[in-house]
Amino acid sequence: MKTLNDFNFENKKALIRVDFNVPLNDEFKVTDATRIKSAKSTIIKILEDGGSCILMSHLGRPKGREDKYSLKHIVDKAEDILGVEIQFVEDCVGDKAQEAADNLQPGEILLLENLRFHEEETQGDKVFAKQLSELGDIYVNDAFGTAHRAHASTTIIAQFFPDKKCFGYLLQQEIESIKKVMETGEKPVCAVLGGAKVSSKITIIDNILDKIDHLIIGGGMTFTFIKAQGGSIGNSLVEEDKLDLANSILEKAKAKNVKVHLPVDAIIADGFSNDAKTNTCPVNQIPDGWMGLDVGPNTEAQFSDVIRDSKTILWNGPLGVFEMPNFAKGTIALGYAIAEATENGAFSLVGGGDSVAAVKQFDFEDKVSYVSTGGGAMLESLEGKILPGIAAILE
Ligand code: AMP
């Protein structure tokens, strides 16, 4: 696996695919700069070697050239974070981009305009990828968030740099974190899967059953399992057509010696609202008219015990409707247990959409070993897929 440390960038122009797809407010100010901060160590290493950086990224999903999706809006914030002046060019290919790249000196940074202003980017167009490739000497992919897309700048471009391509530090860290859970994780390995639906997690479950010792199930998908086992779930979220699937997952887990932990009690509500009336009951005895929106106190305690005994922990998906304060308690308790296990030496990886949001919202970000920056890319990695952006560097 070629990484940044395999290259000396002195007098070289590094063409870096970063993920600067950051949220902007109505005044076009960056509201969460995590992704820019995540690219800093890669950029600084190259500048310190005596090289220059040409940064390419997408922002949003523009239809053609749309000013609100211009990467010019992020220049000030990126300059603050990197501590280096940034030159901006209003296209990513063509004469202007080529001229700006040609004139770039060691120690300087050039940011190209939004790649997706050209539809060839998402089409994975080879001619467009070649045009991009002519801007730099060494290709660095540091955009985990788009590594699952075979786009021109994330995948296709790599073929024009047969020996001069590598992973940036962020992408390297993402790959190594997943490996630490899926391949080299110290036992016992525990996966916590929450979130809304079994159907969106089934491929992940299938793939990880061979690699884990404990599977904790929470969130909305709990109730498909409980109903499949003959429990009463009232009006809780359920996928009626996945009942057999739920049972077959439990059987498969048993055959593979994976211990499955389902909730034993639930916080129930008489409506899907933070203001709804609430109560606590056994998870398989939910009355009609009520729905389970969080795990109950006995479940919290049982799950926490399993987490504390684990040496490797993967967390994907909240245990309840954490967006509503009255149903966030189970997810917060899980966060505390994972933080404690991590402090005691366990490796913990949080990845995929809503669990990352929960970790940030409840301030557990610095208390777990690694928080993945890629939603879809992380989920596809957990499903066992080789991401095209990663494969293109390894080829
Ligand atoms: P996912 O994207 O599949 O990880 O699902 C995350 C969503 O699941 C969050 O928005 C949660 O509010 C939701 N969720 C978690 N627990 C429940 C539940 N018991 N009932 C309904 N939705 C839930």
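**Ligand contacts and a helix pair**

Let me start at Lys201, where an N or O atom of the side chain is 3.1 Å from an oxygen atom of the ligand, inside the cut-off for a polar contact, a pair of N or O atoms within 3.5 Å. What we are looking at is a predicted model, in which local features need pLDDT of at least 70 and side-chain atom pairs count only at pLDDT 80 or more, while totals for chains, interfaces and linings use all residues. Residues are numbered from 1 along each chain as its sequence is written, and side-chain values use heavy atoms, with hydrogens and water left out.

Glu323 also reaches the ligand, with a polar side-chain atom 2.5 Å from one of its oxygen atoms, whereas Ala196 contributes a polar backbone atom, which lies 3.0 Å from a ligand oxygen. Taken on its own, the ligand has 500 Å² of accessible area (Shrake-Rupley, 1.4 Å probe), and the protein covers 81% of that area.

Which residues come nearest to the ligand? Of the 15 around it (a heavy atom within 4 Å), they are Ala196, Lys201, Gly292, Glu323 and Asp354. By class, the shell holds six nonpolar, six polar and three charged residues, with Gly counted among the polar ones.

Turning to the helices, the axes of α11 (residues 297–308) and α12 (residues 329–343) come within 9 Å and cross at roughly 20 degrees, so the two are roughly parallel (under 35 degrees). Helices here are DSSP runs of H or I with at least four residues, and strands are E runs with at least two.

Finally, the backbone: the peptide bond from Lys187 to Pro188 is cis, with omega near -5 degrees, and Pro188 sits in the loop between α7 (169–182) and β7 (189–193). Asn11, in the segment before β1 (13–17), has a positive phi of about 60 degrees, although Asn11 is not a glycine.

Terms used
Polar contact = N/O pair within 3.5 Å; in protein donor to acceptor, adjacent residues only side chain to side chain. Axes fitted to C-alpha atoms, helices over the stretch in contact; angles between N-to-C directions. Parallel < 35°, antiparallel > 145°, perpendicular 65-115°, else oblique.
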